[in-house]
Amino acid sequence: MKLLTHNLLCSNVRGLRPGGGFPLRIQASDVSVRPVPFNAAFVARLVPRLRWGALLEAAESLPPEPAPDYEGDEAFLRRVHHVLLEVRGGGTPKPPFGGGLTPPKPPLGGGV
Amino acid sequence: MAGSGRRPEHRGPPELFYDEAEARKYTQNSRVVEIQAQMSERAVELLGLPQDRPCLLLDVGCGSGLSGDYISEEGHYWIGMDISPAMLDVAVEREVEGDLLLADMGDGIPFRPGMFDGCISISAVQWLCNADKKSQSPPKRLYRFFSTLYTALARGSRAVLQLYPENSEQLELITAQAMRAGFTGGMVVDYPNSTKLCLFQTRAELAKFAFQGLGTECADGEEMHQAKFTNERTRFRNAKGKSVKKSRDWILEKKERRRRQGKEVRADTKYTGRKRRPRF
């Protein structure tokens with residue numbers, strides 16, 4: 001899974017406090033890099049959607065805050081592109097939250 | 001093997017039906033590949049994406065990534081989700097461009113609000129009309145799918161869902177749940193006369209009013225907007241159905257109902273449904 005997907009994902013299990021489903025834990029078994037064609041406009045459009053804090057937890061090489069004029073900064077966009085779209089962890093995709101999607105079973109009634 | 005056997009939905013749950021053999025067959029069959037490419041083309045056309053800039057799309061029920069190939073060709077980026085691990089394995093083998101996620105769409109779309117510029121789904125949504133476990137309720141799963149999809153889409157974006165409904169009731173159910181979740185728009189029937197290849201396309205266009213304020217996302221503002229959005233929808237639902245419990249209207253309705261049943265009911269007065277004074 002790419003870090004872009006990780007940054008967009010959030011648990012939708014019912015009963016979480018607001019904002020409690022994000023970010024999901026990262027368990028990357030093997031990390032591979034596959035080149036993806038760079039598109040500055042697309043990456044620049046992605047940056048405002050990202051939660052930068054969660055991205056920093058996964059990739060320490062990034063600056064602590066995107067610069068205010070990041071749209072023209074190609075070196076920065078290339079770094080973000082590499083982190084978001086080229087690095088991928090794990091071989092087979094796994095469900096985002098292990099078994100957390102199924103609702104818990106109700107407890108047995110008193111008569112049983 | 002229950003049911004007619006002609007429709008894959010009758011043979012079993014999708015994660016079991018699309019096993020390794022079926023996944024391979026699906027991806028190698030040139031007829032299936034061609035149909036999938038055609039339908040993806042039509043779906044992306046209906047999405048009405050801007051020509052000049054690449055968008056981030058969600059592919060629900062992406063399978064082995066056949067529909068995603070077309071999206072990549074068009075220069076857009078996509079994230080796909082599917083319930084069948086075997087199909088996703090094939091997609092990984094084929095080294096598709098998009099990212100893949102193993103998830104059940106009936107459990108909802110697990111993404112933050114306003115993240116996608118559009119959503120396509122090729123021949124997947126009809127699977128939600130079947131209950132494979134006792135605990136599953138198709139209307140509930142459909143509603144959860146549509147409502148979470150609605151939140152995951154950005155303001156003004158569209159979802160194009162191509163599906164093979166078994167009958168008109170299924171189509172009605174799907175449309176009703178989509179409307180309930182806030183989608184507007186309708187259905188495009190591409191091949192009305194063909195019985196073998198019935199292509200129904202539901203095109204759902206997001207109503208613009210619901211996402212006001214979500215245009216430029218900031219890290220902290222989002223949750224607030226999302227909460228507000230949910231509240232409004234609940235109110236809408238209440239207004240549509242029965243009146244609020246314990247309200248005067250509710251009491252009057254209930255009395256009227258009992259009267260019709262021929263039971264003895266006190267007359268409606270100005271005191272009906274009024275609160276008692278604190279020291280009654």
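The buried residues of H4(A) pack against quite a list: helix H1 (3-8), strand S1 (31-33), helix H2 (40-46), helix H3 (52-58) and strand S2 (87-89) of chain A, together with S2 of chain B. And who are those buried residues? In H4, which runs over residues 74-86, they are A:Phe76, A:Leu77, A:Val80, A:His81, A:Val83, A:Leu84, A:Leu85 and A:Glu86. Before I go on, please keep in mind that this is a predicted model.

Let me zoom out to the whole of chain A. You're looking at four helices and two strands, and the order along the sequence is α-β-α-α-α-β. The chain has 112 residues, and 38% of them count as buried. If you take contacts in chain A between residues at least 6 apart in sequence, 68% join residues at least 24 apart. As for the surface, chain A exposes about 6600 Å², with 57% of that coming from carbon and sulfur atoms.

Now, the interface. Three residues of chain B stand out here: B:Tyr77, B:Asp99 and B:Arg112 supply 23% of the area that chain B buries against chain A, more than any other three residues. Taken together, the two chains bury about 2900 Å² between them, and 54% of that is on carbon and sulfur atoms.

On the polar side of things, there are 13 residue pairs in polar contact between chain B and chain A, counting pairs with both residues at pLDDT 80 or more. In one of them, A:Arg49 pairs with B:Asp117, with the closest N and O atoms 2.8 Å apart.

Next, a glycine I'd like you to find. B:Gly98 is in the loop between helix H5 (85-93) and strand S3 (99-102) of chain B. Buried or exposed? Its relative accessibility is 4%, so B:Gly98 counts as buried. Setting aside neighbours within four places in sequence, B:Gly98 is in contact with A:Lys2, A:Arg88 and B:Trp78.

B:Glu95 isn't a glycine, yet its phi is positive, about 55 degrees. Most residues other than glycine have a negative phi. B:Glu95 is exposed, at 53% relative accessible area.

There's another positive phi at B:Ser123, near 50 degrees. B:Ser123 lies in the loop between S4 and H6 of chain B, and with a relative accessible area of 12% it is buried.

Last stop, a serine in helix H6 of chain B: B:Ser147. At 8% relative accessibility, B:Ser147 counts as buried. A polar atom of the B:Ser147 side chain lies 3.3 Å from the backbone oxygen of B:Arg144. That's my tour, thanks.

Methods:
Residues numbered from 1 in each chain as written. Chains lettered and ligands numbered in written order. Predicted model: local features only at pLDDT ≥ 70, side-chain atom pairs only at ≥ 80, totals over all residues. Heavy atoms only, no water. Buried < 20%, exposed > 50% of the residue type's maximum accessible area, 1.4 Å probe, protein only. Contact = heavy atoms within 4.5 Å. Buried area = accessible area lost by both parts, 1.4 Å probe. Salt bridge = Lys/Arg side-chain N within 4 Å of Asp/Glu carboxyl O. Polar contact = N/O pair within 3.5 Å; in protein donor to acceptor, adjacent residues only side chain to side chain. Areas by Shrake-Rupley, 256 points an atom, 1.4 Å probe, with all protein chains shown as cover.
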